[in-house]
Amino acid sequence: MTYTITLLPGDGIGPEITDAALAVLHATGIDFAWDRQIGGMEALDAVGDPLPAATLDSIRTTKIALKGPLATPVGGGFRSVNVALRKEFELFANVRPAKTLVPGGRFDHVDIVLVRENLEGLYIGQERWVEVDGDPHGRAESVAVVSRKNSERVIRYAFDYAVRHGRKKVSLVHKANILKFTTGLFLEIGREIAKEYEGRVAFNDLIVDNAAMQLVLKPEQFDVIVTTNLFGDILSDEISGLVGGLGLAPGGNIGTHSAIFEAVHGSAPDIAGQGIANPSALILASAMMLDHLGEDEAALSIRRALIATIVADEVRTRDLGGTASTSEFGHAVARRVV
Ligand code: NAD
């Protein structure tokens, strides 16, 4: 069986970390047919469009993509390429697992999967200026949208994810004491759906400020977290920080018909081209992609190989205190894949 997958190496450190991730993926022995496409600044320079039709067509056909970071051109009215991709393919859930890999950090037992609503909330881009006392920028307004449809599918995804991965609890994070309509609806739907999973997956809810504090006090109490777009954006970076930063944080954008797997970090222009970036996040995103394809054993083997390389072999890139180059690290992980 050959999997045809759209590959978007992306900008900045993207091509370097993609090469490392491909070395690891090929070591699993699985057959991949990569449909290489461009996006972000590379595509803007080559064809004048950061999200070319050919790239979208490829994802529409393959229904699955592995992507490096895409830089959004500053100015010129470009919307975020990443937000546009999520909208285009209705990738309603953003899944960000974070697990302690390197012992001896701040926390040793973090194993949290954050599921973030990916399409609406405050990210719909409906903002406007209102003139006050002759000042055209006297007030700024932003609209947040929470719909039953998108809330239901992301919350259900979180519960189904918990069942599929043997996880015990879903915590819903909200601010329903203040934002009574928007996050109130999200909470109400969460409580309804939780009843369907009673006896299989436990459920609790927390107000976002308390959740942020609990995460740094006692992160072990969390298992799967589901929340709205902006809270998810902030909490997922906080959670990445608990386990050693963005270099180790993968993400999956999941839709009904397609899915895109990526590193959470950006194109890191400050270190691009130097061969020192940590490819771990994209390697872990590749493992998430294999889970999605039902290749559970290969996914597990990649995760084990990565941990063995960092912890037992002590092969690490500079951000983790080591001296290995991106490519040396990638090949060290690939050699560990069984
Ligand atoms: P960034 O994540 O690229 O970099 C932040 C810091 O982390 C930098 O110091 C960088 O060197 C370091 N870093 C990031 N990834 C690393 C890695 N794998 N190994 C070692 N160090 C790493 O964030 P930024 O500088 O704010 O964004 C740069 C560009 O990336 C922007 O154009 C932004 O729009 C884009 N971006 C894309 C995505 C995506 O494609 N999903 C996500 C975030 C940012």
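Modeller: A residue is called buried when its relative accessible area is under 20%, exposed when it is over 50%, and partly exposed in between. The model is predicted. With that cut-off, helix 11 (residues 326-336) has Thr326, Phe329, Gly330, Ala332, Val333 and Ala334 buried. An α-helix has 3.6 residues a turn, so residues three or four places apart point the same way. Among the elements that cover the buried residues of helix 11 are helix 1 (14-27), helix 9 and helix 10 (296-312).

The largest nonpolar core holds 64 residues, and Val115, Ile155 and Phe261 have the most contacts inside it. Helix 9 (residues 280-292) gives the most to this core, namely eight residues. Apart from this core there is a second, separate one of 17 residues, which includes Phe107, Ile112, Ile225 and Leu235. Valine 115 can be followed in detail: leaving out residues up to four places away in sequence, it touches Ala93, Asn94, Val154, Tyr157, Ala158, Val224, Ile225, Val226 and Thr227.

Neighbours within four places in sequence aside, alanine 194 is in contact with Phe159 and Phe203. Arginine 164 is 30 residues from alanine 194 along the chain, and their C-alpha atoms are 16 Å apart.

Now the charged pairs. Side chains of opposite charge can pair when their charged atoms come close. The structure holds 19 salt bridges. In one of them, the side chains of glutamate 262 and arginine 86 meet at 3.5 Å, N to O. Glutamate 262 belongs to strand 12 (residues 259-263) and arginine 86 to helix 4 (residues 81-88), so this pair ties together parts 176 residues apart in sequence. Glutamate 262 is buried because its relative accessibility is 8%, and arginine 86 is buried because its value is 12%.

Arginine 96 and aspartate 237 form another salt bridge, with their closest N and O atoms 3.9 Å apart. Here arginine 96 sits in strand 4 (residues 93-99) and aspartate 237 in helix 8, so parts 141 residues apart in sequence are tied together. Arginine 96, at 10% relative accessibility, counts as buried, while aspartate 237, at 38%, counts as partly exposed.

A further salt bridge joins the side chains of arginine 148 and glutamate 188 (3.6 Å, N to O). This pair links distant parts of the chain, with arginine 148 in helix 5 (residues 148-164) and glutamate 188 in helix 6, 40 residues apart. Arginine 148 is partly exposed at 37% relative accessibility, and glutamate 188 is partly exposed at 41%. Salt bridges with shared partners join Arg148, Glu152, Glu188 and Glu192 into one network.

Isoleucine 234 lies in helix 8 (residues 229-242). Its relative accessible area is 51%, so isoleucine 234 is exposed. Together with Leu122 and Leu230, Ile234 makes a nonpolar surface patch of about 240 Å².

Key:
Residues numbered from 1 in each chain as written. Predicted model: local features only at pLDDT ≥ 70, side-chain atom pairs only at ≥ 80, totals over all residues. Heavy atoms only, no water. Patch = residues over 30% accessible without salt bridge, like charges linked within 9 Å, V, L, I, M, F, W, Y side chains within 5 Å. Areas by Shrake-Rupley, 256 points an atom, 1.4 Å probe, with all protein chains shown as cover. Salt bridge = Lys/Arg side-chain N within 4 Å of Asp/Glu carboxyl O. Helix = DSSP H or I, 4+ residues; strand = E, 2+ residues; numbered from the N terminus. Buried < 20%, exposed > 50% of the residue type's maximum accessible area, 1.4 Å probe, protein only. Core = buried A, V, L, I, M, F, W, Y, C linked by side-chain atoms within 4.5 Å. Contact = heavy atoms within 4.5 Å.
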